[in-house]
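Q: Please walk me through how to read the features of a structure like this one.

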Amino acid sequence: MKKLRKQQKLVITCAVIILTISWTINYYSVRLPATSLISHSTTIEKIFFYHLNGSNITPYLIEFEDNHNELNQWMSILDSVSYTRSARSFVTKNIRNDGGETFAFTIFYRDGDGELHDYFLAIRGQNKMYKMVERESEVFEQLSAWLFEKAVEMPVNSNK
């Protein structure tokens, strides 16, 4: 009877290990569209974004007008590739620790209640929480060009 219980425990342990490994592989390999990373993508009103390059941080603002043409352009760039989760995200919690070029966004949108809400999103050139699948540098450059063309650089208030 003890031998049978040991075998059952061994089978259950092996099954749990196999399921955990399968879930982990699936979690990091499933391709995600940009719309799954950017919630409320159709109701975004404005974006504050910060261009981080080494130790330089430059704040910008993009306000989307009623026609949503610019919002559609931005989402089109982001939707041109899919994304996977990066295992590096467990090690890399601070978005500035690798020194790579980064865009950090605070996205403002109106929900069904009419209230203005916001959330934070970072897209990096290297070591991202979500990584682009294929054409990473091409899409990152396209995103950079679009952001710098459409955004207004915000003045930084040095008095606190």
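A: Start with Arg-110, which is partly exposed because its relative accessibility is 36%. The cut-offs are under 20% relative accessible area for buried, over 50% for exposed, and partly exposed in between, with a 1.4 Å probe and protein chains only. This is a predicted model, in which local features need pLDDT of at least 70 and side-chain atom pairs count only at pLDDT 80 or more, while totals for chains, interfaces and linings use all residues. Residues are numbered from 1 along each chain as its sequence is written, and side-chain values use heavy atoms, with hydrogens and water left out.

Q: With which residue does Arg-110 form a salt bridge?

A: Side chains of opposite charge can pair when their charged atoms come close. The criterion for a salt bridge is a side-chain nitrogen of Lys or Arg within 4 Å of a carboxyl oxygen of Asp or Glu. Here the partner of Arg-110 is Glu-45, with the closest N and O atoms 2.6 Å apart. Glu-45 belongs to strand 1 (residues 44–53) and Arg-110 to strand 4 (residues 102–110), so the bridge ties together parts that are 65 residues apart in sequence. Glu-45 is partly exposed, given its relative accessibility of 30%.

Q: How many salt bridges does the structure hold?

A: There are two. Glu-149 is exposed at 60% relative accessibility, whereas Lys-150 is partly exposed at 24%.

Q: How many helices and strands does the chain have?

A: Helices (H or I, at least four residues) and strands (E, at least two) are DSSP runs, numbered from the N terminus. This chain has four helices and seven strands. Their order along the sequence is α-α-β-β-α-β-β-β-β-α-β. Of its 160 residues, 32% count as buried.

Q: Which residues of helix 3 are buried?

A: In helix 3 (residues 69–79) they are Leu-71, Trp-74, Met-75, Ile-77 and Leu-78. These residues lie on the same side of helix 3 because they cover an arc of only 155° around the axis. The arc is that of the directions from the helix axis to the C-beta atoms.

Q: Which residues gather in a patch of positive charge on the surface?

A: Patches are made of residues with over 30% relative accessible area and no salt bridge; like charges are joined within 9 Å, and nonpolar side chains (Val, Leu, Ile, Met, Phe, Trp, Tyr) within 5 Å. The positive patch here consists of Lys-2, Arg-5, Lys-6 and Lys-9. Lys-6 lies in helix 1 and is exposed, at 65% relative accessibility.

Q: Which residues make the nonpolar surface patch?

A: Ile-17, Ile-21 and Ile-25 make a patch of about 290 Å². Accessible areas come from the Shrake-Rupley method with a 1.4 Å probe, and for residues only the protein chains shown count as cover. Ile-21 sits in helix 1 (residues 2–29) and is partly exposed, with a relative accessible area of 47%.

Q: Is Tyr-119 buried or exposed?

A: Tyr-119, in strand 5 (residues 116–124), is buried, at 17% relative accessibility. Between Tyr-119 and Ile-47 there are 9.9 Å in space, C-alpha to C-alpha, although the two are 72 residues apart in sequence.

Note on methods:
Lys, Arg positive; Asp, Glu negative; His and termini not counted. Charge placed at Lys NZ, Arg CZ, Asp CG, Glu CD.
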